[in-house]
Amino acid sequence: MEIIISHQRTDFDGLAAMVAAQKIYPQAEMVFAGGLTNNVKEFMSLYKNRIPIKYPSEIDQSQVEKVIIVDTRVAFRLGSFSDLVEQDEVEVIVYDHHMNRQNCLQDATETIEPVGATTTILVEQLNEMKVEVTSFEATLFALGIYEDTGCLIFSSTTARDAKIVSYLLELGANLGIVEKYIDYSLNRQQQQLFNKLLDAGYKVTSKGFKISFFQAEVEEYIPDIALLAHKLDELHNLDALFVLVKSGNKVLIIGRSNHDSINVAQILNYFGGGGHARAAAATIERNKAQELIELQQELLQVVRENITPDALAKDIMSSPVKSVAPDTSMEEADELMLRYGHSGLVVEEDKELVGIISRRDIDKVRNHDLLHAPVKGYMSTDVVTIEAETSLKEVQDLIVQHDIGRLPVTDQQGKLVGIITRSDLLKLLYGTDDYIKNRQNLYGRSLVEVQEKRYNIDQKLGLVEERIMELLKSAAQLADLLDVDLYLVGGFVRDLLLEKRSLDLDLVVEGDGIKFARKLAQKLNGALNVHHDFGTATISLDNNLNLDIATTRVEYYSDIASLPEIELGSIQQDLFRRDFTINALAIQLNQESFGQLVDFFDGKVDLEEGIIRLLHNFSLHDDPTRIFRGLRFASRYQYRFEAETEKLIKQAVDLNVVDKLSNNRLISEVKKGLNDTHPLSFIKLLVKYDLLGYLSNNIEWNRAKEEVANNLAKIMEWSNSLSITFNFDKWLLYFALLVTGLEKKEIENLATDFNLSSDCLERLLFTLEVEQVVEQLLVAESNSVIYTLLSQLTIEDILLVLARESKLKEKVKLYLEKLQWIDIEVSGEDIIDLGYRPAPSFKKALKKIKKAKLDGQVEDYQEELQLLEEYIEKKGVE
Ligand code: CTP
């Protein structure tokens, strides 16, 4: 396979050069290496059907034999292809106009010419080869050249660029489009410097931190280099970066850091500069300034000396390490894990680490009656280890990179001295101080002060429906009889305080909840369903009410399994395990305290102030659906996240915690959010917290979609005013908006990934046609045409059409209220009565009558029959 790629953040020169190269190498596939500049993104969203470019995930890199690279030859700018192009067996061809030779690819066949844009080189070749160029292509090529030459005025512009532009204009290049897409946000000098810096980027990894250096020499001082540093920072996912610009007799160094371990002010202080820990600058006079490259080396040295890793493996590892011998049986290993609360054990032979056996390995053999087998047959032998001095950052990278649960730690002689598990690391990241000081803290760090408060809420209780109140009282009597404490918890309590109706009754029993549930089901004559594994039960009652009953239970987490006892009272513990303070309120039901609101975590205050606050900093790791639940509550009640909670959500997303969710759970949470009261707010939060990518890589949200979403809400409201009622899947409408812009294949993949029904898929695929249907409906004049167009659509499709174009409301109203119910009275029988034998053309004849009826040309049976006769007489029946 052959591919054509350009640099990450592909600009118009990159894009145009790719398209031109594809005309020279028609068998090669074009693939984007990484992101696109904003204006290219905008361009592609409109023209992607005309420029078939794939994304890296759609390419099997192992099949690639030849890579044609345009507009760069710096491997580091090729994103996910940077390793591929350095493989010996891959043939590399380069077209580029950057003359700087740093970081170049070895063994590539290069065409490097000193012109203003790479596109110029390729279009010249197309011209020589007499390859035909369409006016659309000419426009794109012109865009590439104009952008990189600053509309032919950058000093890098050559006569060759100008000649090619003139040639492209002759071919019909459209300057209106060029004008629309050229980005002026950096001035030309800055743009030029920015490109230079990008090409001279140099990346190192030190103590696990990714740091880049960008350097360039300019003839005269260019203002606002800090802005360029900022843009470079935005472009690359770095821990720190330094920009070195030499101009005249000075070198300006700008440093930016995104990590507490790298203090750029301290580093640049060495060069006489200063600033803040995260942003600093220094200016060096010429007599002190060496060649830029030497200065960069010196800077790198200073950076290396000044990185202070926040923790080392030895600070966070557990030791001594529990190990087993290779001949230990799987069963014994299983017991050891249970006893010590570990989810994996190290396997050692003669004090040498030979493997790791995890609970997951044991679970795999459990069903096959193989527990007697020795661990050596099932352990993983491919063990990644680290040294005690390894930085936390490297530990983190290794765990993520290899997706492994535990890393054995060795000393310099290779002797096993400890182990770090994924949960050690997560707990550390979620709350360093407490964790190091007190590793046996039950839930990591609490975000709330725990203090029991009780309130009388008689006034709110007055709002509870009579039948529910009776039910609660009946349950309370039973609880007293069985001598157990009983609480109403969760969403019902929250919604009651907000004076909103809820029918979700969640009860918690301090004691044997299942026994209580059995007796209550008998008493209420309800159907009981017990889930022994979870200690929960559900009672379904005739009046459509459901009761969920849970038992407060003590939870053991792997690392704290050896704790002798749990100090918290059991309802308090149950509530502390829940997601947000507003959901951790309880109402006691035992008669003595019936109706008292019990609040341990000031959830009542948060509810009154509109704050969503997690209870403890490990909560999202325990259950990532809570990220989506949080967004749902924030959007439903228009609440805000408490600062620490917001930070934890961002951290959890950064740590990819969402990946732990099955696709079914993920989509179910998204559906709930979109079905809730404020779907648009929910979507905006998904965007804000960078969660859309979990649905599909290329899903985008933009202003235009937001406008359609706003219209959609109005249209749904409007649909209530119609004289007919219908049901539709609200979430699906918003989901369709989300996927708008995706290609057919992408939508199909998404539907497969998330197990969506074929009906859902159809609705989502309709997004590819909706524009066209809108156009057709706008010009549709007769009732029959309106009917024909709309009768092919589902109600969801119709609402989407209206959200795009509300002018169509009247036509849709006419269809929904009237046209769709119109039926003709004549039938095939009438044609037979006219003396004809049944034939396929009957259908056509009847359709004709229906059309006439829709358009008001016939009204009753007689008129229909007359028209039918006339039609058949004219056309016959066959
Ligand atoms: N809960 C939790 N973590 C979850 C799910 C639920 O802590 N991932 C707890 C919360 O206390 C929640 C209760 O279980 O209030 C009941 O959950 P559920 O019925 O799913 O949600 P509600 O809070 O009732 O929300 P909704 O009004 O949307 O049904």
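In which helix does Q192 lie? Q192 belongs to helix α7, which spans residues 188-199. The structure is a predicted model, and the protein comprises 38 helices and 28 strands. Of its 878 residues, 52% count as buried. This briefing covers the overall architecture, the ligand site, the nonpolar cores and several individual residues.

**Overall architecture**

- Taken along the principal axes, the C-alpha atoms of the protein fill a box of roughly 95 × 90 × 55 Å.
- The protein exposes about 42,200 Å², and carbon and sulfur atoms supply 45% of that area.
- Among contacts between residues at least 6 apart in sequence, 68% join residues at least 24 apart.

**The ligand site**

- There are 15 residues around the ligand, and R494, D579, D623, R632 and R636 come nearest.
- The shell around the ligand consists of 10 charged residues, four polar residues and one nonpolar residue.
- Three elements each supply at least two residues of this shell: α19 (491-497), β21 (504-510) and α24 (625-637).
- Helix α24 gives the most to the shell, with six residues.
- The side chain of R632 has an N or O atom that is 2.4 Å from an oxygen atom of the ligand.
- Taken alone, the ligand exposes 570 Å², of which the protein buries 76%.

**Nonpolar cores**

- In soluble globular proteins, nonpolar side chains tend to be buried together.
- The largest nonpolar core of this model has 125 residues, and L507, F516, L691, F735 and L756 touch the most other members.
- Helix α29 (residues 730-739) provides the largest share of this core, with nine residues.
- Another core, of 48 residues, lies apart from it, and I4, A16, A28 and Y167 are among its members.
- Leaving aside neighbours within four places in sequence, L507 is in contact with residues including L472, A475, L486, Y487, L488 and L520.
- Further contacts of L507 include L547, D548, I549, A550 and L589.

**Helix α31**

- Helix α31 covers residues 758-765, and its buried residues are C760, L761, R763, L764 and L765.
- These buried residues pack against α29, α30 (744-753) and α34 (795-804).

- Most residues other than glycine have a negative phi.
- D483, although not a glycine, has a positive phi of about 60 degrees.
- The loop that holds D483 runs between α18 (466-482) and β20 (485-489).
- D483 counts as exposed because its relative accessibility is 68%, over the cut-off of 50%.
- N525, also a residue other than glycine, has a positive phi near 60 degrees.
- The loop between α20 (513-524) and β22 (527-531) contains N525.
- N525 counts as exposed because its relative accessibility is 65%.

**R73, a buried arginine**

- R73 is located in the loop between β4 (66-70) and β5 (91-96).
- Its relative accessibility is 1%, so R73 counts as buried; the cut-off for that class is under 20%.
- The side chains of R73 and D96 are joined by a polar contact of 3.2 Å.

- Q192 counts as partly exposed because its relative accessibility is 24%.
- Although Q192 and E147 are 45 residues apart in sequence, they are 10 Å apart in space, C-alpha to C-alpha.
- R467 is placed in helix α18.
- With a relative accessible area of 29%, R467 is partly exposed.
- R467 and L545 are 78 residues apart in sequence, yet 9.5 Å apart in space, C-alpha to C-alpha.
- Not counting residues up to four places away in sequence, R467 touches R501, L503, N543 and L545.
- The side chain of R467 also forms a polar contact of 2.9 Å with the side chain of E465.

Technical notes. Residues are numbered from 1 along each chain as its sequence is written. This is a predicted model: local features need pLDDT of at least 70, side-chain atom pairs count only at pLDDT 80 or more; totals for chains, interfaces and linings use all residues. Side-chain values use heavy atoms; hydrogens and water are left out. Helices (H or I, at least four residues) and strands (E, at least two) are DSSP runs, numbered from the N terminus. Buried means under 20% relative accessible area, exposed over 50%, partly exposed in between (1.4 Å probe, protein chains only). A residue is near a molecule or strand if one of its heavy atoms lies within 4 Å of it. A polar contact is a pair of N or O atoms within 3.5 Å; within protein, one must be able to donate a hydrogen and the other to accept it, and residues adjacent in sequence count only if both atoms are side-chain atoms. Accessible areas come from the Shrake-Rupley method with a 1.4 Å probe; for residues, only the protein chains shown count as cover. Ala, Val, Leu, Ile, Met, Phe, Trp, Tyr, Cys and Pro count as nonpolar, Asp, Glu, Lys and Arg as charged, and the others, Gly among them, as polar. A nonpolar core is a set of buried Ala, Val, Leu, Ile, Met, Phe, Trp, Tyr and Cys residues joined through side-chain atoms within 4.5 Å. Contact means heavy atoms within 4.5 Å.
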